[in-house]
Amino acid sequence: MRPLLLSVLLLCLPVSAQAVTYYVGDGGSNANSGTLRAPWLTWAHAFSKSTCGDTLIVMDGRYTKEINGKFSLSKSCTPKTTYTVIAQNERQAFLVGDGDDAVISISNSAYVTVQGLSVRDIENPSGKAHSNVMVLKSNHITLMRLLVTHNNRSLNSHLIQLSDTTSSVLEENELYFFHRHGIILNRTTNSVVRRNYCNARSASGIQGGYNGVSGDNGTGDDCIVVYPGDDNIIENNISDGTMLKGFSVQALGAGRGNKFLGNIALGPTIGLSLDVRTGSGSNYMPRDTVVENMVVINASDTGIRSRGARNTRCDQCMVLSSKNGLLADTVSAAPGDGVYSFFSNNSLVHGSNSGTGFYVTSQIQTWEVDSLNSFKNLRNYNPSSDTSWGIHKTVDPLLGSCLVWIPDSSPMKGAGINGKDIGANILYRYENGLLTTLPLWNPSTGEFPHGAIVKGINDVLGQSLFDVHKRLNVNSNGCSFPIGFGAGGPNPDAPSRPQNLHAS
């Protein structure tokens, strides 16, 4: 081909449009150009005028369906052209629902990020079933640093819901005032839920409303529930305050290969519950669940329960000051396929004065546990004489005031299998299922990662994320960080670096 003809053809090929930043404001106008000085008004107009690769900045203010229309987004983008909706100032854009629709709805979308917005709904018994933030039939959606509160308690609604969605990320969101679920993964797979915080604030069901499982007894249902879903990673989240369950898997046709890593449940009825559902066959039972470095504190019923499940593995799990510790049992009304198994290494239960530390019922056909410690419980091990217990101690762990890691002075330090601690260490971040050497807590203040503080919502002492580290005695109340934490010091549980590698 002659050079001149080739040049002409290249000029005729389409070129990628350059990404553009646009603005939407509660006092804007659709006649504007979408700039900082001339923002748009409605979501529909802003979404139609912007495209994949663009960024839509939401200016400070109050946004309602009456004035700004519905936030209903559908964009199928690519890894190189992610579409982003982000607050101009974190959590100062307030999206307020009318109780009839989702406040934020994302459907049939890919590679979309929504970050830094404040979202709340109102009570409306005549509304349609929805959640405050709903993601439907989508993939690669990121919801980050949202402040989501007050679902419509008249309905079966939640705060953040992912349905028929895959490969998505929920990161560093704060969730308050809800009677059902803070985060629900519904028929969702291969997604990551990390460093989120829930506090239901005693937002129980209301008379005439949809009261869910917890009813009107002053609790929400779950902080984070997989209901159902496969191969999701739930890492470094905190459930705080009275809830029926901190974390759970409801195997209703799925529920395989989910991982719960480095999570904390403070004050729930049950910290983590893996629940078989009514129905025959293995699809109705949680399978191949991995629980690692989990802490449950002050559970009024059970710390960690594996019910009618197969191949549950709970390593370096720790239950403190709860009625019962780790329980593996079944339920006759929901047998699954009738084949159950449970495994645990390097786990610790302390202070279950009215219950049992480790309890495996006779219906669990296969169970193997090793390097356990159960101390100061009404019953430490049940069955007490079974040889399947492996090495099991009854030793004071000498935790002092430490709740979420094993202090260096504890006899549990390095006492477990492979020289690991007996008990949990939640000091460093998990990222996509892998334990890293990145500090989870702020090395200077002890604070858990959090976004902007909004007066009257997430600034409430004793019921908010900003001060949860104090309730967990993180670098406070007599439990100092281990020497070297945050300064490049070693992480005893992180994978070791390869040694003696040579280039060929």
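Which residues of strand S13 lie on one side, which on the other, and are they buried or exposed? Let's start there, everyone, and keep in mind that we are looking at a predicted model.

Strand S13 spans residues 160–163, and both of its faces are covered. Ile160 and Leu162 sit on one side, Gln161 and Ser163 sit on the other, and all of them are buried. Now look at the strands beside S13. Strand S10, residues 133–136, pairs with S13 in the parallel sense over four bridges, and Val135 stands opposite Leu162. Strand S16, residues 181–186, also runs parallel to S13 and is joined to it by four bridges. Here Gln161 has Ile184 opposite it.

Because five of its five residues are buried, S32 is largely enclosed by the rest of the structure. Ser341, Phe343 and Asn345 point one way, while Phe342 and Ser344 point the other way. S32 has parallel partners too: strand S29, residues 312–315, pairs with S32 over two bridges, with Thr312 as the bridge partner of Phe342. Strand S35, residues 366–370, pairs with S32 over five bridges, again in the parallel sense, and there Asn345 stands opposite Asp370.

As a general reminder, nonpolar side chains tend to be buried together in soluble globular proteins. In this model the largest nonpolar core has 79 residues, and Leu56, Leu117 and Leu143 have the most contacts inside it. A second, separate core holds 41 residues, including Ile297, Tyr428, Tyr430 and Val474.

Please zoom in on Leu56. Leaving aside neighbours within four places in sequence, Leu56 is in contact with a list of residues that includes Tyr22, Val24, Trp40, Trp43, Phe47, Tyr83 and Ile86.

Ring pairs link Trp43, Phe47, Tyr63, Phe71 and Tyr83 into a cluster. Across the whole structure, a search finds 15 aromatic pairs. One of them is Trp43 with Tyr63, a tilted pair at 5.4 Å centre to centre with 40° between the planes. This pair links distant parts of the chain, with Trp43 in helix H2 (residues 43–49) and Tyr63 in strand S3 (residues 61–64), 20 residues apart. Trp43 and Tyr63 are both buried. Tyr83, another member of the cluster, has Lys75 lying over its face, at 5.0 Å from the ring centre.

How buried is Asp221, in terms of relative accessible area? Its relative accessible area is 0%, so Asp221 counts as buried. Asp221 is found in strand S19, residues 220–226, and a polar contact of 2.4 Å joins its side chain to that of Arg180.

The other one is Asn425, in the loop between strand S38 (392–393) and strand S39 (428–431). Asn425 counts as buried because its relative accessibility is 7%, and the cut-off is under 20%. A polar atom of the Asn425 side chain lies 2.9 Å from the backbone nitrogen of Ile406. Asn425 and Asn293 are 132 residues apart in sequence, yet 5.9 Å apart in space, C-alpha to C-alpha.

Technical notes
Residues numbered from 1 in each chain as written. Predicted model: local features only at pLDDT ≥ 70, side-chain atom pairs only at ≥ 80, totals over all residues. Heavy atoms only, no water. Core = buried A, V, L, I, M, F, W, Y, C linked by side-chain atoms within 4.5 Å. Buried < 20%, exposed > 50% of the residue type's maximum accessible area, 1.4 Å probe, protein only. Contact = heavy atoms within 4.5 Å. Phe/Tyr/Trp six-rings, centres within 6.5 Å; stacked < 30°, edge-to-face > 60°. Lys NZ or Arg CZ within 6 Å of the ring centre and 35° of its normal. Polar contact = N/O pair within 3.5 Å; in protein donor to acceptor, adjacent residues only side chain to side chain. Pairing = 2+ DSSP bridges.
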